[in-house]
Amino acid sequence: MKDINILAIETSCDDTSASVLRNNIVYSNIIANQDVHRDYGGVVPELASRAHQQHIIPVVKKALDIAKINKKQLDAIAFTRGPGLLGSLLVGMSFAKSMAMSLKIPIIEVDHLIAHIFALFLDEPNKINVKPKFPFLVLIISGGHTKIAIIKDYLDIEYIGDTIDDAAGETFDKAAKILGLHYPGGPVIDKYAKPGNKTQFSFSKPNVPNYDYSFSGLKTSILYFVRDQLKLNPGFVKENLNDLCASIQKTITDILIHKLDKVVKDTKINQIGIVGGVSANSFLRKEMQKYSSENNVDVYFPDMKFTTDNAAMIGMVGYLKYQKKMFSDYDIAPYST
Ligand code: KG4
Ligand code: ZN
């Protein structure tokens, strides 16, 4: 089959990203972050779509320039159709449609969660990554989702577990807000946790049946604990920030691995992918490496730069769909969930 050049666009939340791939190889992956949300403890949808409109043209231009690909060489444009913020998705999708129409090439809609999974299959010109073998289990942990799935083949996915309330990333973000740290909370907690004592404080863990997760009890437990301690000592958070971050990070990681272990034991699948923004967490990565050697399973993480939202992963699914001629109609609308 001939080489396929794909331009991919991702605007589902607060990052505007464009990427150029030749087959599964990433030639550029440009991400414009939106600092406007930092002080709000979460993403403000109206500010996000406005920022996407400002960023989309320069970001796409830069992705093409860095990849040294002329737009006339593109075979298709892939974009995130959902899930995400509708106003944000609309910006990337409308841009993809009009650019593809003018170039007379197909458009390919991509599901954001599926893209996180297939980030495991991305390569770079000088970096070929080791990939999981089918079937493999995947834990998708992002700001909006916490799911477990069995990946039977390319694009053949069976979801078997989900969170019944908050997502893992959302829990990092909310915990950070309680501690007075800025959004997004995951990377900040990861950083402050490094010198901390992870067994200094303990928080409640859920007891949810099947392969599902729950994080709202943990969030409440952190909130009440911090509130009570602050009444006794207004300097409590400041004086214990490292230990608090390390203990919260350990609790979230323990919850994630505990359920995953149940799935591994039940399904006897020994290949595991961990994907989505929270898979960037350094403690989780370390614990999963330990789990891997103790349980004789292979664990795969996407390259760091493909863990949080990026267009390269959208391009990867675009490439897989292109091979199956799974193109989209121009009249489709985005979906939020
Ligand atoms: O996949 P992603 O970029 O966006 C969504 O699809 O939601 O994930 C964003 C989430 C945020 O909640 C952020 O706090 C979390 O990923 N995150 C982390 C780390 N880096 C990003 N959580 C824990 N540790 C990190 N190092
Ligand atoms: Zn994401």
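**Pockets of the predicted model**

In this predicted model, α4 contributes the largest share of the lining of the largest pocket, namely 6 residues. Helices are DSSP runs of H or I with at least four residues and strands are runs of E with at least two, numbered from the N terminus. Local features need pLDDT of at least 70, whereas totals for linings use all residues. Residues are numbered from 1 along each chain as its sequence is written.

The largest pocket has a volume of about 1300 Å³. A pocket is an open set of points on a 1 Å grid over the protein atoms alone where a 1.4 Å probe fits, with protein on both sides within 12 Å along at least five of seven lines; lining residues have an atom within 4 Å of a point. Its 43 lining residues include Cys13, Asp14, Gly143, Asp173 and Tyr183, the closest to the pocket centre. Two or more lining residues come from each of β3 (25–33), α3 (112–118), α4 (168–178) and α5 (185–193). By class, the lining comprises 11 nonpolar, 22 polar and 10 charged residues, with Gly counted as polar. Because domain 1 (5–126 + 307–323) and domain 2 (136–302) both give residues to this lining, the largest pocket lies between them; the domain bounds come from an automatic or database assignment.

At least two of its lining residues are supplied by each of α5, α7 (236–267) and α8 (282–295). Among the residues that line this pocket are Asp190, Lys194, Lys250 and Lys286. The lining of the second largest pocket divides into 3 nonpolar, 4 polar and 5 charged residues.

Technical notes. Chains are lettered from A and ligands numbered from 1 in the order in which they are written. This is a predicted model: local features need pLDDT of at least 70, side-chain atom pairs count only at pLDDT 80 or more; totals for chains, interfaces and linings use all residues. Side-chain values use heavy atoms; hydrogens and water are left out. Grid points are joined across faces, edges and corners, and a volume is the space filled by probe spheres set on the points.
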